[in-house]
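This report walks through one protein chain. Look over the sequence and the structure first, then read on.

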Amino acid sequence: MKIGLFLIIILLLSVLFLYLKNYWLINKNATYHAMKVSSYFDSNKINDYQNIDFVDRQNFAQEISSFLDKNYTSEEINLIYEYLSDSNIQKLLNLNYIDLKDFYQISNIDVLKINDYLEYQNIHKIPIKEAVTEVNLHLNEEFYSNVSTIKFPDSYTILVNKYNALPSNYYPKDLTNIGNTSLKMRARASRSLENLIADALTNNIVLIPFSAYRSYDYQEKLYNKYLETDPIQIVDTYSARAGHSEHQTGLACDIRSDEEIDTLTPSDYKWLLDNSYKYGFIVRYPKGKSKITGYKEEPWHLRYVGETHSKKIHDLNITFDEYYDLYLNNR
Ligand SMILES: [Zn+2]
């Protein structure tokens, strides 16, 4: 009985082995075959063809031929198709050879920026992964240089910062009051903030919103007023220029513990850091991240991004700018 079972297992393993071997051979031969039937076949490159994993895509033969002409090895070509997005592959086909050794596993690379990443890493002495994200966020350029206008300002996950501005005439169409205050946020954010405030209260934490939606014009006046007392370099660390404020999105709210002070007590701040994500909010300008956000720590400033994203941002412990580049920016 035991021997019978043993033989059956051996038989099954043999069948599996033959299947995998065939699959591997077919896969290897498929590239050779695709090249053979195309007009790009080069008999000097048969060895390369046999080492390149077949990928079922349009223009495969033409692309393989082009990569080999640029002196990519078959090993590199396999990595290109395994890791790079289609748009990066298209860009790569229009460039001379680039050594991507350190970049394959970094999901948010743009192959057009490889030199910028390396240069930035060299200056700042940081891991290449961080250099990629920071260059993607334009941190290798001065704040407020090369500003882009945000295309879909009604998205709950828009990135508004020193490089991405809202149109001056933008205002959210669904502004509603937060509880019985005169402050307004977009409907979903407003309801979530009411829940957050109510739940905080059951923990004996009093949270008072004191600034929410602000129009472009209002922000412009506010920023100019700050300029009367502080030099621009200082004002830029605590106030956004018009069009660059999250308050114009209707998704941000400043919260305080007391009518007398414009901030939170350390314990209330701790509660928000630990709990605001459950209501779709994040602390947008956290401690030690001003290099990325461009603002000094603002315990009071909450941004609504929705619960799926707020949980991930909380768990990853990264800024919204970094999160946006890693997970929301289509490339
Ligand atoms: Zn704020």
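## The four-stranded sheet

Four strands form an open sheet in the order β5-β6-β8-β7, and their pairing is antiparallel. At the edges lie β5 (208-211) and β7, each of which pairs on one side only. Ignoring direction, neighbouring strands of this sheet are turned by 45° against each other on average. Axes here are lines fitted to C-alpha atoms, for helices over the stretch in contact, and angles run from 0 to 180 degrees between N-to-C directions.

The model is predicted: local features need pLDDT of at least 70, side-chain atom pairs count only at pLDDT 80 or more, and totals for chains, interfaces and linings use all residues. Residues are numbered from 1 along each chain as its sequence is written, and side-chain values use heavy atoms, leaving out hydrogens and water.

Strands (E, at least two residues) and helices (H or I, at least four residues) are DSSP runs, numbered from the N terminus. Two strands pair if DSSP finds at least two bridges between them. Strands of a sheet pair through backbone hydrogen bonds, either parallel or antiparallel.

Now the pairs themselves. Three bridges join β6 and β8 in the antiparallel sense. A252 has R303 in β8 as its bridge partner. β7 and β8 also run antiparallel, joined by four bridges. Y285 stands opposite E298 in β8.

How many residues of β7 are buried? Five of the five are, so β7 is largely enclosed by the rest of the structure. Buried means under 20% relative accessible area, exposed means over 50%, and partly exposed lies in between (1.4 Å probe, protein chains only).

## Helices against the sheet

Helix α11 spans residues 266-275, and its buried residues are D268, Y269, W271, L272 and N275. Seen down the axis of α11, these buried residues fall within an arc of 155°, so they line one face of the helix. The arc is that of the directions from the helix axis to the C-beta atoms. An α-helix has 3.6 residues a turn, so residues three or four places apart point the same way. The exposed residues P266 and S267 sit on the face of α11 turned away from its buried side.

What do the buried residues of α11 pack against? Their partners are α8 (187-202), β7 (281-285) and β8 (298-304). Contact means heavy atoms within 4.5 Å.

S276 is buried, at 3% relative accessible area. Leaving aside neighbours within four places in sequence, S276 touches L196, W271, F281, I282, V283 and L302.

Helix α14 covers residues 320-328, with F320, D321, E322, Y323, D325 and L328 buried. The buried residues of α14 pack against α7, β7, α12, β8 and α13 (307-316).

## Salt bridges

Side chains of opposite charge can pair when their charged atoms come close. A salt bridge here is a side-chain nitrogen of Lys or Arg within 4 Å of a carboxyl oxygen of Asp or Glu. The whole structure holds 19 salt bridges. Three of them are listed below.

| Pair | Closest N to O |
|---|---|
| K101 and D99 | 3.2 Å |
| R303 and E246 | 2.8 Å |

Take R303 and E246. This pair links distant parts of the chain, 57 residues apart: R303 is in strand β8, and E246 is in the loop between α10 (232-238) and β6 (252-256). Both R303 and E246 are buried. Salt bridges that share partners join E246, R284, R303 and D321 into one network.

K291 is partly exposed at 44% relative accessibility, whereas E134 is buried at 5%.

K101 is exposed, with a relative accessible area of 59%. D99 is partly exposed, at 38%.

## The chain as a whole

The domain assignment gives domain 1 (2-101) and domain 2 (148-328). Such bounds come from an automatic or database domain assignment. The centres of domain 1 and domain 2, taken over C-alpha atoms, are 48 Å apart.
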